[in-house]
Amino acid sequence: MDDVKDVILKYVIEEYGDEDHVITNETPLISGGLVDSFSMVSLKRFLEVKYKISIPDEDASPEAFDSVNKIADLVKRFIS
Amino acid sequence: MSYSEHTRGIYQQQLNDIHEAGLFKQERFIHSPQAADIEVEFPSGADLKKVINVCANNYLGLSSHPEVVKAAHEGLDTRGYGMSSVRFICGTQDIHRELEKVVTDFLGTEDTILFPSCMDANAGVFEAILNKDDIMISDRLVHASIVDGMRLCNAEHDTYKHGDMEHLEKKLQQFQDKRLRVIINDGVYSMDGDTAKLDEVVRLAEAYDALVFVDDSHASGFIGKTGLGTHEKCGVVGKMDIITTTFGKALGGASGGCVSGRKEIVEMCRQRARPYLFSNAMAPVIISGVLKAFEILKRSTELRDKLEENAHYWRRGLTEAGFILKKGDTPIVPVMLFNAKLSQDFSRDLYGEGIYAIGFFFPVVAKGQARIRTQLSAGHEKHHLDKALEAFIKIGKKYQILGKSEEEIIAMYGL
């Protein structure tokens, strides 16, 4: 399932990366100020379309979306 | 007592946390009218100090302009002090509607509705005109009031990278299934001083059937050849669907704001925008002052021309001295220091030299992007700018940052 991390990391780098910010699987995204809560919504939408899952709003907390590792853990919970 | 020690302790702890994080904001008491020269009590209880203000939004120097003050007095005499009503009950005077027409003509739109502030305009407009079938696509650096307004609206929202038109186009393609698409920008970004590429935004909006929203609070009155705003600078007057702006900056600096744009959208705000429906009408004294401010602007471009000259002079002086500035051609000139503590120390030392300018750091700006934000005014004379430059250079030498690169400053002070 490591490819989930790769997919998420690629998306996050494309969406939020720039020359000033190197993003890794551990980079704090929201608490680090790289991703705002609006953009989190589009990330959630991307994951739901990509993996054909539905992530309830109560699970889509800023904490759960704070790094690629955490997002991958969340996604894996919903992939049957 | 409902306000128990337990409750008090919760707030005291939160305030302590703000203090410890170095984020506690302290007001400085100004004992004079807003102008280039002001008298300030800071810290509280200290003797008054005469300083040059380079951090006000008083772009055109109209905040204490004698004609504006006189007009406000006359408004007070002829229309009274307060309206004691929201607009649609009994809070609309002839001068409210007059100002709405003046703003419409000035901005080149179809109609205008006044709000108590631009914060209120931004808080009310999205909820009034969009629903859950729509998408708001905002630049990632839009003002906090827009962010709050979008939060109050149940339309879906997404962001695009600051000023990145390719990214915006991708988002527009992605959301073609939506009923309405709105592209949301600031005209001038207040922390960086750069401007939206409204010509390119309009091109994309036309290609992908989207509305264009711009908050021109840091532009109305002085950006563009005749000061209409960012849409004039970009050659797209008449193509803005929604402009929000404030009267609390260049246009007299008191308060009040508006939504100006397509007549149906403005009418929807009149019917549904909650800050319009549930907050008092703008006071007549302010309306009268704003009307005079527009009259002054229509008379000549002298003030915005002087502001432009001042901004060029200031930018050139700081650049030649070896400071790193954010690129741009607006009267917002951020002097980059990168390190948060350095920005605070620098601001404090400037104050010691009689220059009032504030240091900004995370979370107001991105981490490692701390700066002194300077703002020029048509109220500044050359001697103000020369004295301020002298102080900046003196403090710059003290911290040994003149002529240094970003990497060198970060190496010296950290991020």
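**Domain contacts in chain B**

Author: 14 residues of domain 1 of chain B are in contact with 13 residues of domain 2 of chain B. Contact means C-beta atoms, placed from the backbone, within 7 Å. This is a predicted model: local features need pLDDT of at least 70, side-chain atom pairs count only at pLDDT 80 or more, and totals for chains, interfaces and linings use all residues. Residues are numbered from 1 along each chain as its sequence is written, while chains are lettered from A and ligands numbered from 1 in the order in which they are written.

Reader: Which elements give two or more residues to the side of domain 1 of chain B that touches domain 2 of chain B?
Author: Elements are DSSP runs numbered from the N terminus: helices (H or I, at least four residues) and strands (E, at least two). Here they are helix H13 (302–321) and strand S11 (332–338) of chain B. S11(B) gives the most, 3 residues.

Reader: Where do the domains of chain B run?
Author: Bounds come from an automatic or database domain assignment. Domain 1 covers 16–53 + 302–413, and domain 2 covers 66–297. Their centres, over C-alpha atoms, are 28 Å apart.

Reader: Why does B:Thr159 count as buried?
Author: Buried means 20 or more other C-beta atoms within 10 Å of the residue's own, with C-beta atoms placed from the backbone; 12 or fewer is exposed, and in between is partly exposed. B:Thr159 is buried because it has 28 C-beta neighbours inside 10 Å.

Reader: What does B:Thr159 touch, not counting residues up to four places away in sequence?
Author: Its contacts include A:Asp36, A:Phe38 and B:Arg140. B:Thr159 lies in strand S6 (residues 156–160) of chain B.

Methods. Two residues are in contact if their C-beta atoms, placed from the backbone, lie within 7 Å.
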